[in-house]
Amino acid sequence: MNQTVPKTKPFRLKVWGENACFTRPELKVERVSYDVMTPSAARGVLEAILWKPAIRWVVERIDVLNPIRWESVRRNEVGQLMSPRSEGVYIEDARQQKAGMLLREVAYIIHAHLELTDRAGPQDNLVKFQEMFLRRAGAGQCFNQPYLGCREFSAHFELIGQNEEAPSPIDESPELGLLLFDIVHDASSDKDHVHHCGPGCRASFFRVKLERGVLWVPLPGSKEVLQ
Amino acid sequence: MSQSINNRYDFVLLFDVKDGNPNGDPDAGNLPRVDPETGNGLVTDVCLKRKVRNYVQMVKGAKDPFDIFIKEKAILNNLIDEAHEQESVKSKEKGDKTEHARQYMCSRYFDIRTFGAVMSTGKNAGQVRGPVQLTFSRSIDQVVTLEHSITRMAVATEAEAEKQQGDNRTMGRKFTVPYGLYRCHGFISAPLARQTGFGQEDLDLLWDALKNMFEHDHSAARGHMVSRKLFVFRHAGEFGNAPSHKLFELVKIARKGDGKLPPRDFEDYEVKLEGEIPGGVELVEML
């Protein structure tokens with residue numbers, strides 16, 4: 001990723017919800033959320049509003065607007081994958097009770113810009129996608145309702161205009177250690193954004209500290225991103 | 001399958017419980033779920049999805065194309081021989097196999113078409129994202145949880161009977177919420193409906209299920225649960241015409257009277273629609 005890629009000005013999107021769970025990859029059985037939204041979750045929110053193979057979202061920073069608070073919920077879950085060769089799953093036979101450490105009452109501002117990918121055709125240009133995104137996010141339109149880590153924690157979203165005052169982040173600067181940056185996908189099997197992670201997909205991380213409520217996200221491919 | 005739906009929907013479902021436990025918390029010995037910080041009652045998304053599945057299974061008799069994949073044991077279903085279908089999946093090339101399996105599963109099972117699924121086909125767990133997304137339901141006001149000790153005039157084992165010299169009693173516990181009105185928000189994405197083939201018939205069945213799911217879920221634990229209101233916001237476009245939170249804010253729920261006594265009935269609440277419905281959105285009161 002070099003600096004010469006044409007990109008849009010950063011957009012600002014406020015997202016909030018009653019609960020969120022940005023699951024730590026090392027604690028997936030009984031889910032434990034990271035303290036803050038990960039860049040990959042932020043990208044997912046943006047892609048729920050607008051995505052085409054021709055564009056890529058790059059998250060620049062995430063502002064944390066609410067104090068970090070927790071809640072624990074235990075639910076019955078199914079511990080099986082579905083298979084066309086089976087006649088269905090009897091929930092009593094495949095039940096797993098899993099607790100989740102969730103965040104509650106979260107609100108963030110995602111700052112992110114758009115870049116074109118090598119799948120962009122001659123008729124694709126950044127201005128078109130920029131206008132599309134502004135129109136969609138401004139009117140509350142989305143491909144599917146964005147969510148905060150898991151689909152049951154839906155996110156409300158609001159575009160913050162260029163000249164609007166944004167709410168200020170919390171005045172806290174905790175060390176957060178390693179945070180998931182994103183999953184580097186092996187895109188060779190990625191037809192139409194229906195992706196199955198295989199052995200070619202790897203997680204990447206970065207060291208992070210909130211700076212007075214602001215989480216600065218390194219650029220993809222920069223040396224801060226640990227692959 | 002019929003045409004998949006072309007409109008985005010956002011909905012608000014209000015349901016209440018009287019002297020029952022709407023959703024027990026396995027972490028708290030099956031006490032009704034309560035948000036410890038606010039005292040409001042909780043009902044998880046998966047709890048309501050289970051009820052939708054059970055309702056559809058009951059109404060449609062677990063038959064293709066409304067079969068249910070994640071079943072409860074309570075209903076024995078007649079297994080249909082799907083061997084020839086499986087052959088059609090098996091005979092495909094590796095790459096097409098996943099796609100075919102996905103289409104087959106979506107076309108046959110209502111719950112996969114509606115809520116999505118994680119599948120063990122193809123490279124590694126192909127995922128189907130369903131169009132319907134439910135959130136945690138929360139009660140409008142704080143709920144108190146009551147604990148009732150109950151007795152049974154029988155014991156389970158010989159040993160117990162001997163210990164009690166033939167008195168044969170067991171004490172049990174039951175937890176209830178005297179009253180709680182819960183609010184659930186849901187979303188239906190038209191573009192995702194296209195991916196799974198979720199059509200108008202499925203949608204009508206889903207509304208039916210949301211309205212009637214508690215009618216067929218009575219049990220000793222549940223008490224009296226009823227779906228009270230179902231407000232459906234139908235957007236003209238597939239991506240929607242207004243932010244969902246703006247629509248949900250139109251549905252206001254207030255206590256009647258001075259609110260000095262705790263609520264014990266749906267009559268103690270007033271459900272109002274306040275404000276303008278944005279252009280391009282139609283409100284349908286299903287209940």
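Me: Where is the place of P65(B) in chain B?
Reply: This is a predicted model, in which local features need pLDDT of at least 70, side-chain atom pairs count only at pLDDT 80 or more, totals for chains, interfaces and linings use all residues, and side-chain values use heavy atoms, leaving out hydrogens and water. Residues are numbered from 1 along each chain as its sequence is written; chains are lettered from A and ligands numbered from 1 in the order in which they are written. Elements are DSSP runs numbered from the N terminus: helices are H or I, at least four residues, and strands are E, at least two. P65(B) sits in the loop between helix 1 and strand 5 (70–71) of chain B.

Me: Is the peptide bond from D64(B) to P65(B) cis or trans?
Reply: Look at omega for this bond. Its value is near 0 degrees, and the bond from D64(B) to P65(B) is cis.

Me: How is E105(A) classed by accessible area?
Reply: E105(A) is in strand 5 of chain A. Its phi is near 50 degrees, a positive value in a residue other than glycine. The classes are buried (under 20% relative accessible area), exposed (over 50%) and partly exposed in between, with a 1.4 Å probe and protein chains only. At 30%, E105(A) is partly exposed.

Me: What is the phi of N168(B)?
Reply: N168(B) lies in the loop between helix 5 (158–163) and strand 11 of chain B. Its relative accessible area is 25%, so N168(B) is partly exposed. N168(B) is not a glycine, yet its phi is positive, at about 50 degrees.

Me: What percentage of the contacts in chain B with a separation of 6 or more joins residues 24 or more positions apart?
Reply: Chain B has 8 helices and 15 strands. Of its 287 residues, 49% count as buried. Contact means heavy atoms within 4.5 Å. Among contacts in chain B with a separation of 6 or more, the share from residues 24 or more positions apart is 72%.

Me: Which residues lie nearest the centre of the second largest pocket?
Reply: A pocket, on a 1 Å grid over the protein atoms alone, is an open set of points where a 1.4 Å probe fits, with protein on both sides within 12 Å along at least five of seven lines; lining residues have an atom within 4 Å of a point. This pocket is lined by 28 residues, and nearest its centre are E18(A), H156(A), R138(B), R183(B) and H185(B).

Me: How far apart are the C-alpha atoms of S120(B) and N54(B)?
Reply: S120(B) is in the loop between strand 6 (116–118) and strand 7 (127–129) of chain B. S120(B) and N54(B) are 66 residues apart along the chain, and their C-alpha atoms are separated by 24 Å.
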